[in-house]
Amino acid sequence: MQTRSRTLTAVAAALVLGLTAGPLAAPAFASPAGSATATHATTGPDAEALRAALAGLPDSDATAALVRVGGSAGTWRGSTGVHDLASGRKADPNALFRAGSTTKVVTAAVVLQLAAEDEVDLGAPVQHYLPGLLSSAFKPVTVRQLLNHTSGIQAGDGFGDSFEDAYAHRFDTLTPKQVVASAVAKGPEFDPGEQQDYLNINYTILGMLVEKVTGHSYADEAARRVLRPAGMHHTYFPGTDPRIHGPHNHGYQAVKRADGTTKFVDVTEWNQADRWAAGDMISTTADLERLITHLFRGEIVPKPQLEEMFTVPSNIEGADMSAGLQRFEYGGKVYWLKSGARYGYSAVVAATRDLSRTLVYSVNSTDAKGESMNPVAQRIALAALK
């Protein structure tokens with residue numbers, strides 16, 4: 001039995017790749033905000049390394065970056081880059097951004113709360129709660145197997161495989177129901193519990209489970225059960241609204257022209273409805289830091305159920321995904337983390353279980369959905385976790 005993951009978690013990828021990725025030629029950006037602005041520095045995090053990690057933005061890899069490093073040893077806050085390329089105005093250090101798959105931490109917390117209330121049995125088949133959703137081709141898939149990506153359900157379809165295809169449909173709506181239907185039509189990828197394959201489809205179905213069990217919308221339950229208790233007052237779920245409401249820095253995608261030059265397409269506005277409970281959350285670095293802190297303290301999910309977030313399948317070789325998080329060991333420490341990426345935006349939330357070190361960043365990556373690790377995010381991770 002083995003694990004397969006189509007999406008490398010950003011921090012893990014950074015530490016595996018090290019500093020081997022070479023820089024790309026930087027475009028001629030107007031850059032009044034090229035140096036990092038840091039605040040509230042104390043002992044603990046390597047402030048010099050973190051400042052160096054943020055230096056030089058905007059460049060060809062990212063247009064802005066926001067970082068919060070915390071924990072018992074001290075804190076560090078930094079921001080750099082621009083609000084948008086047209087004006088070159090300084091990046092907002094408190095900006096909202098598309099948090100991508102860090103949404104899964106919230107979804108997992110909601111489901112685990114329902115388990116604590118005996119509304120959901122993690123060992124029961126999802127077919128029990130959502131009869132008719134999966135076809136007869138599927139063996140029973142437990143709620144726990146959705147949480148830790150061992151369900152065997154294949155990925156749902158989107159608006160094409162290329163950036164150009166997706167961009168052409170950026171204002172169109174693809175519903176979670178349509179995404180799940182396309183996944184079910186493909187049949188199972190493997191028998192439940194036999195492998196681990198990180199896919200959004202698992203958390204899309206968990207969003208449906210939340211709505212069926214509670215009788216309320218996923219967004220309402222997530223806000224009531226997680227966002228408000230954690231003090232995440234600037235975090236919300238946009239639904240079909242393509243805009244980011246509130247202060248935000250623009251996101252861009254680098255696209256090669258026919259003549260070999262690069263243009264930077266503004267991708268700030270985008271309907272993310274198909275990502276839903278798997279990845280459509282809009283948040284801030286401060287809110288994500290509150291989330292991981294309150295969560296790990298046992299203030300969101302009761303401690304017996306919280307163990308699911310720190311448990312990876314023991315029967316699958318190489319498995320590292322738990323309920324909503326990923327286990328990563330580096331420098332003699334174990335970190336639990338989650339990354340997220342939408343066009344124009346990359347984010348990570350990470351912490352040791354005892355909260356002695358926490359890291360949250362948002363990088364306005366110019367190739368957020370690319371195969372390789374963003375060099376700016378890579379530098380931040382290496383500086384923060386050293």
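This dialogue works through the reading of a predicted model, from its overall make-up to single residues.

Trainee: How many helices and strands does the protein have?

Mentor: Helices (H or I, at least four residues) and strands (E, at least two) are DSSP runs, numbered from the N terminus. The protein has 13 helices and 13 strands.

Trainee: What percentage of the residues count as buried?

Mentor: A residue is buried under 20% relative accessible area, exposed over 50%, and partly exposed in between, with a 1.4 Å probe and protein chains only. Of the 386 residues here, 59% count as buried. Accessible areas come from the Shrake-Rupley method with a 1.4 Å probe; for residues, only the protein chains shown count as cover. The protein exposes about 15400 Å², and carbon and sulfur atoms supply 50% of that area.

Trainee: What share of the contacts comes from residues 24 or more positions apart?

Mentor: A contact means heavy atoms within 4.5 Å. Among contacts with a separation of 6 or more, residues 24 or more positions apart account for 72%.

Trainee: Which residues of helix α9 are buried, and what covers them?

Mentor: Helix α9 (residues 218-227) is mostly covered, with 7 of its 10 residues buried. The buried residues are Tyr218, Glu221, Ala222, Ala223, Arg225, Val226 and Leu227. Their cover includes α3 (103-116), α8 (201-214), α10 (276-279) and α11 (285-296).

Trainee: Where does arginine 225 find its salt-bridge partner?

Mentor: A salt bridge is a side-chain nitrogen of Lys or Arg within 4 Å of a carboxyl oxygen of Asp or Glu. Arginine 225 pairs with glutamate 221, the closest N and O atoms being 2.6 Å apart. An α-helix has 3.6 residues a turn, so residues three or four places apart point the same way. Arginine 225 and glutamate 221 are 4 residues apart in α9, a separation of about one helical turn. Both residues are buried.

Trainee: Which parts of the structure does the salt bridge of arginine 77 tie together?

Mentor: Arginine 77 forms a salt bridge with glutamate 289, with the closest N and O atoms 3.5 Å apart. Arginine 77 lies in strand β4 and glutamate 289 in helix α11, so the pair ties together parts that are 212 residues apart in sequence. Arginine 77 is buried at a relative accessible area of 13%, and glutamate 289 is buried at 11%. A search of the whole structure finds 13 salt bridges.

Trainee: Which strands pair with β3?

Mentor: Two strands pair if DSSP finds at least two bridges between them. Strand β3 (residues 62-70) runs antiparallel to strand β13 (residues 358-365), joined by 7 bridges. Strand β4 (residues 76-81) also pairs with β3 in the antiparallel sense, over 6 bridges. Glycine 70 has threonine 358 of β13 as its bridge partner, while leucine 66 has serine 79 of β4. In β3, 9 of its 9 residues are buried. The hairpin of β3 and β4 has 5 residues between the strands, and there glycine 71 takes a positive phi near 130 degrees.

Trainee: Which backbone angles deserve attention elsewhere?

Mentor: Most residues other than glycine have a negative phi, and most peptide bonds are trans. Aspartate 118, not a glycine, has a positive phi of about 65 degrees. Aspartate 118 sits in the loop between α3 and α4 (126-129) and is exposed, at 70% relative accessible area. Leucine 355 also has a positive phi of about 65 degrees. Leucine 355 belongs to the loop between β12 (345-352) and β13, and counts as buried at 14% relative accessibility. The peptide bond from leucine 57 to proline 58 is cis, with omega near 5 degrees. Proline 58 lies in the loop between α2 (47-54) and β3.

Technical notes
Residues numbered from 1 in each chain as written. Predicted model: local features only at pLDDT ≥ 70, side-chain atom pairs only at ≥ 80, totals over all residues. Heavy atoms only, no water.
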